[in-house]
Amino acid sequence: MQAANVQLLAQLCHPGDFLSAKIRTSLVRETLQCVVSCQACRQLQAQKPSPETAWDTIFAAPHSFHEPDACYGLGVVVHALANTQNLLKEDWYHKAVEHVWATLQKLNEVPPEAKDTAQERLYRMTEFIACVALAVGHRTFYRALGKEPILDQPPMPSPRAYSNNGAPMFKSAEEVSSRLGKKEGCGWGPCLTPGLKLANGELLADCFTWQLRPQVPTSKWTPALSTGVAFFDWGSSHYVPINRGQFVLNNLWQKAPGRTLHRADLEHVAKGYTGAIACSY
Ligand SMILES: [Zn+2]
């Protein structure tokens, strides 16, 4: 588990599909620092702003940021996702999408190939949320084990030097969406068609076409391609018997080698843990 956690943390800080290593590392570092600890976020939980005022209220709150320039101007979205997700409704997400897009443009993080379309914005927002959500899970996992502060355990990967300066793998959503198809009849959600490869030649469609069917909740991972793969890799260690997105029903009552819990046990633990966290916030 420890090895899988370290690997996931490192992958979150790698260049993503549409976000650079610089941005992803900053999001992860800010998330690890701010989860539960930001007093302004705690105050927001007590204040409970209405859905209509959530964006303005959360934006104006005196958050404690840890990364440079308030996480390059993205910190308020990180804090909201990490600490006040229960207060976020559709209106907040629309405004967050616009804020993230405008900030990335200002930071010269949007290549000219990415046209000013909703698709480009939503792909980047999805990857943003995926990075923060996984970092929250990572932070909470170690907190649950009593590892506080956890930044030393496991070690935080430092931003690396990349041959392409940490640029994202794709320049535009069009590169990816030309390979997405719509499936009717069981809800809507984009599904990858076979053949899409990452820059390293890894075939993405193998693990996505099955697990990310439109009716499956995790289908919302689809636009966060490589981050989704990292998530499933991590899940194959923590959440048996998922193996790269391949859930085998017959294994529901079987224990993986070296484990004392089978899948059904894990579901019970997850339910109890989620309930405990929700009650104690
Ligand atoms: Zn905050």
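Trainee: What covers the buried residues of H6?

Mentor: The cover includes H2, helix H3 (39-47), helix H4 (54-60), helix H5 (68-72), helix H7 (90-106) and H8. Helices here are DSSP runs of H or I with at least four residues, numbered from the N terminus. Keep in mind that this is a predicted model, where local features need pLDDT of at least 70 and side-chain atom pairs count only at pLDDT 80 or more, while totals for chains, interfaces and linings use all residues. Residues are numbered from 1 along each chain as its sequence is written.

Trainee: Which residues of H6 are buried?

Mentor: A residue is buried if 20 or more other C-beta atoms, placed from the backbone, lie within 10 Å of its own; 12 or fewer is exposed, and in between is partly exposed. In H6, the buried ones are Gly75, Val76, Val77, Val78, His79, Ala80, Leu81, Ala82 and Asn83. That's nine of the nine residues, so H6 is largely enclosed by the rest of the structure.

Trainee: At what angle do H6 and H8 pack?

Mentor: Axes are lines fitted to C-alpha atoms over the stretch in contact, and angles run from 0 to 180 degrees between N-to-C directions. Here H6 (residues 75-83) and H8 (residues 118-144) pack at about 50 degrees, with axes 10 Å apart. That makes H6 oblique to H8, since under 35 degrees is roughly parallel, over 145 roughly antiparallel, 65 to 115 roughly perpendicular and the rest oblique. On the H6 side, Val77, Val78, Leu81 and Ala82 make the contact, and on the H8 side Phe128, Ile129, Val132 and Val136 do. Contact means C-beta atoms, placed from the backbone, within 7 Å.

Trainee: Where does glycine 16 lie?

Mentor: Look in the loop between helix H1 (2-12) and helix H2 (21-34). Glycine 16 is buried, because 28 other C-beta atoms sit within 10 Å. Beyond its neighbours within four places in sequence, glycine 16 is in contact with Arg24, Glu127, Pro168, Ser226 and Thr227. Take serine 226: it is 210 residues from glycine 16 in sequence, yet their C-alpha atoms are 6.6 Å apart in space.

Trainee: And arginine 124, buried or exposed?

Mentor: Arginine 124 counts as buried, because it has 26 C-beta neighbours inside 10 Å. You'll find arginine 124 in helix H8. Leaving out residues up to four places away in sequence, arginine 124 touches Phe18, Leu19, Val100, Trp101 and Leu104. As for glycine 16, 108 residues away along the chain, its C-alpha is 9.7 Å from that of arginine 124.

Definitions and conventions
Helix = DSSP H or I, 4+ residues; strand = E, 2+ residues; numbered from the N terminus. Contact = placed C-beta atoms within 7 Å.
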